[in-house]
Amino acid sequence: MSRLTQLLTTLISNFSGLRTFWRNENHSESPLATQILSAISDGILVTDINLRIVEVNHAFTRITGYTYDEAISKTPGLLSSGRHGKEFYQRMWDLLHQSGQWQGTIWNRRKNGEVYPQWLSISHLKDKSGTITHYLAVFSDLSQRNSVQNQIHLLAYYDTLTGLPNRELFSDRLKLSLSQSYRDKSKVALFFLDLDGFKIINDTLGHATGDLLLSAVAYRLSNRLRESDTVARLGGDEFTVILSDIHNQSQVKEVAEKILNCFQSTYIIGKRELYINTSIGISLYPDHGNDSETLISHADTAMYQAKQRGKNCYVIYTPDMGIQYKRRITIENDLRAAIADNRFTLVYQPQVEIESGKISSLEALVRWEQPDIGKIKPDDFLSIAEESGLIIELERWILNTACTQTVSWREKFGLDICISVNISNLHLSTGRLAEYVQDLLYNTRLPPSALEIEIAECALMDQRRETIETLVKIKRLGIQIVIDNFGIGYSSLNHIKRFSINSLKMDKSIIGELGNEDDGKQLVKTIINMAHNLSLTVSAQGIENPEQLHYLKMYGCDVAQGFHLFKPVSAEKTIALLLSHTPWIESNENHQTINIDSSLTME
Ligand code: C2E
Ligand code: MG
């Protein structure tokens, strides 16, 4: 209860009857009451039990435009803006009756028709026997631009980008909902939403577009849900929804479907049509926890599961998820320790010139084996390394090890071999990669032309200054840039030209279609022709059978990589392989069956 409401309530209850306090029967005013009422800058409105207005002060008239005579005997409906539905008022009265007070922002209408926000606090007044006799409303005009308090309130509790409640207000509302549900013996559902692929849109189309998209999402969410549900933005692309008064899980599922549906149609941002989905994690009070922290953490865990299950879906928390979540945290901690202790290894997978059968380069691929867990797949730990930022340190180690190793092979055995290293988007955008590589090349004496970096297609669309500068600097150093897993992302020809990319590496899913589908063959043929027309070399990865290699040669693909040719092998086996390999151009062998020692083909 605000201090002003408290003071007024105390004052009023100390007088024998409200009307005699405010005004006596023949309208002669009590001097004390008059002074108090005039001195208060907040609007005051008192109704009887039937909600008929029995008293207002000067500030009421100043804020609403209604005089004393115009307001008296009317109901507060006089001030209604029509912006709040029945449910809103129902919930307000429910809370008022349960706790004796309601506070919040409400939109009302002045006499001149202007709709404005006010901060309203309502409490009930009781007589000596405890019977409610009056309602007291104290309000301040939040639309006054100069009201510092108003500004502070908005800044402190509302997200400036979307206008939704922020983390603070969300936290307050969640606590309030929990205590109300405890009294009602009902449930509360907490939804944790994380937009799918928002980072790519933000990185590639720019932060201004990202911001507009977030505002549009916020608008859609708050319009599709009930007024009594709280939609909040916690930051970034994370939103939460609090549903109160839940009695069964089907209510929760219905709302989850409703939210997913609200992402089905596209967003028009500027001249672009954008499409975005969300993954939702849900926890329930009291089933999954009794306090906000536990419920938030469980909803987050469930959201992570939704991402794992392919995104664009909702998942309700179950206790076994906690175990998987803990596993993720364990991997992150183990990763940290493994980086500090140098516990990674590299394997190398040869890439072969299709025309000659010569091994032109090696792709360095990282491996991690934990004594207790065993081998952990790169796809499983690299995403965690990227999310936690550890990837930069790890990739520095990979670059260092791979370059040092390549120099020693080149110098010791006179081999003209290049090395390919995969680089994450995070490293490109924040890791001072160009400076690190420049020093590395200087220290190891590896010629820049012997180093290739493989980057994801979406990195080309990244409009951040850091990424663009890094790519330009890398190119200036004379390092080759390869677009990895080409054909499954969004890059445009414009971007490929802009950064003078050297090579496109077709994704294995595209190569997998070769031999099955005419469409698949057409796609590969088109990519190869397009790359050549742009003066780029083109390579194919994931070649698993002679037929695929046959088509790639027929269509003029330059470089081949895959288990059919060579599997990734350790550094020791790589050198043996390099020294024993005879290019098919020299051996007169059919290039579709490369005979190499099978021990060398195993990882
Ligand atoms: P990628 O860069 O596309 O690497 C090729 C992946 O395909 C490797 O899996 C390789 O073992 C696998 N591969 C090669 N030939 C074939 C084939 O014929 N059939 C099939 N099914 N797979 C084949 P790996 O080593 O598990 O790496 C998976 C991904 O992890 C890599 O995809 C890359 O994105 C990432 N990665 C691996 N090592 C590194 C690294 O050192 N740094 C970074 N940033 N990422 C890495
Ligand atoms: Mg690669």
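Colleague: Which element gives the most to the shell around ligand 1?
Modeller: That's β14, with four residues in the shell. Strands here are DSSP runs of E with at least two residues, helices are runs of H or I with at least four, and both are numbered from the N terminus. Bear in mind that this is a predicted model: local features need pLDDT of at least 70, side-chain atom pairs count only at pLDDT 80 or more, and totals for chains, interfaces and linings use all residues. Residues are numbered from 1 along each chain as its sequence is written, chains are lettered from A and ligands numbered from 1 in the order in which they are written, and side-chain values use heavy atoms, with hydrogens and water left out.

Colleague: OK, and which elements each supply at least two residues of that shell?
Modeller: β14 (359–370), α14 (378–388), α15 (391–413) and β18 (480–486).

Colleague: How many residues surround ligand 1, and which are the closest?
Modeller: There are 22, and the closest are E395, D484, K508, E544 and F563. To count as near, a residue needs a heavy atom within 4 Å of the molecule.

Colleague: How do the shell residues divide by type?
Modeller: Eight are nonpolar, six polar and eight charged. Asp, Glu, Lys and Arg count as charged; Ala, Val, Leu, Ile, Met, Phe, Trp, Tyr, Cys and Pro count as nonpolar; the others, Gly among them, are polar.

Colleague: What does the side chain of E395 do with ligand 1?
Modeller: An N or O atom of the E395 side chain is 2.6 Å from a nitrogen atom of ligand 1. For an oxygen atom of ligand 1, a polar side-chain atom of Q541 lies 3.3 Å away, and a backbone N or O atom of F563 lies 2.8 Å from an oxygen atom of the ligand. How much of ligand 1 does the protein cover? It covers 84% of the 790 Å² of accessible area that the ligand has on its own, with areas from the Shrake-Rupley method and a 1.4 Å probe.

Colleague: Switching to the metal, which residues coordinate the magnesium ion?
Modeller: Ligand 2, the magnesium ion, is held by E363 (OE), N422 (OD1), E454 (OE) and D484 (OD), at 2.1 to 2.3 Å. Donors are N, O and S atoms within 2.8 Å of the metal (3.2 Å for Na, K and Ca), and since water is not among the atoms, sites may look incomplete. Along the chain, the donors follow the spacing E-x58-N-x31-E-x29-D.

Colleague: Is E454 buried or exposed?
Modeller: E454 counts as buried because its relative accessibility is 2%. N422 is partly exposed, at 25%. Buried means under 20% relative accessible area, exposed over 50%, and partly exposed in between (1.4 Å probe, protein chains only).

Colleague: And the aromatics, how many pairs does the structure hold?
Modeller: Eight. In one of them, the ring centres of W93 and Y135 are 5.1 Å apart and the planes stand at 80°, so that pair is edge-to-face. Rings of Phe, Tyr and Trp (its six-membered ring) pair if their centres lie within 6.5 Å; planes under 30 degrees apart are stacked, over 60 edge-to-face, and the rest tilted.

Colleague: Where do W93 and Y135 sit in the chain?
Modeller: W93 is in helix α6 (residues 86–99) and Y135 in strand β5 (residues 132–141), 42 residues apart. Y135 is buried at 7%, while W93 is partly exposed at 23%.

Colleague: Which residues do ring pairs link into a cluster?
Modeller: F344, W368, F381 and W397. F381 is buried, with a relative accessible area of 0%, and F344 is buried too, at 5%.

Definitions and conventions. Polar contact = N/O pair within 3.5 Å; in protein donor to acceptor, adjacent residues only side chain to side chain.
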